[in-house]
Amino acid sequence: MANGRNKGGRRIDAGRDPGGFVALPWSVLDCAAYVALSHPAKALLLEFARQLVRDNNGRLLLSRPHLAARGWRSADVIHRAKVELQEAGFLFETVKGQRPNKTSWYAITWRALDRHPGYDVGAIELFHRGAYQCAGRPEKLTPFVRKADKMALA
């Protein structure tokens, strides 16, 4: 059209391939918790980010059939990467899965949790946006010691 918009009213960006994209803030990529992640955990984090749309943070899936279709083969690698992401504060479980056919739901913590009535009791209250920024043990400060003080201690 003459105004540079398509029929749906959205702008056409000729500078990139068509389709959706993953919005991953630099604050996530630059934080110490992300740098410390293993490669499988970083790859799994991208799989979660790929699932995000407008209102589904808290209903992201980690099912084996879903991940197998995307090239993940080892259940052990998936499990270790999931646990690593949870411990680092990037991933929060909103619904605990149960056999035979109830899958777990997850939320990433760099976005707000989207409200949904199907979450487990307490999930909304326990979710902490930005948990990856304070996960694990905080770095200990090293006090400044002058040379004269070092010599007096020796």
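Tyr34 counts as buried, at 14% relative accessibility. The cut-off for buried is under 20%. This is a predicted model. Phe90 is also buried, with a relative accessibility of 0%.

The structure contains five aromatic pairs. One of them joins Tyr34 and Phe90 in an edge-to-face arrangement. Their centres are 6.4 Å apart, with 80 degrees between the planes. Tyr34 sits in helix α2 (residues 32-35), and Phe90 in the loop between α5 (75-88) and β1, so the pair ties together parts 56 residues apart in sequence. Tyr34 and Phe90 also belong to one aromatic cluster with Tyr132.

## Trp105 and Tyr119

Trp105 and Tyr119 make an aromatic pair too. Their ring centres lie 6.3 Å apart and their planes stand at 85 degrees, so this pair is edge-to-face. The cut-off for that class is over 60 degrees.

Trp105 belongs to strand β2. Tyr119 lies in the loop between β2 and α6 (123-126). The two residues are 14 apart, and their pair links distant parts of the chain. Tyr119 is buried, with a relative accessible area of 9%.

Strand β1 spans residues 91-95. β1 is mostly covered: of its five residues, four are buried.

β1 pairs with strand β2 (residues 105-108). The pairing is antiparallel and runs over four bridges. Which residue of β2 is the bridge partner of Glu93? The partner is Tyr106.

Methods
Residues numbered from 1 in each chain as written. Predicted model: local features only at pLDDT ≥ 70, side-chain atom pairs only at ≥ 80, totals over all residues. Heavy atoms only, no water. Buried < 20%, exposed > 50% of the residue type's maximum accessible area, 1.4 Å probe, protein only. Pairing = 2+ DSSP bridges. Phe/Tyr/Trp six-rings, centres within 6.5 Å; stacked < 30°, edge-to-face > 60°.
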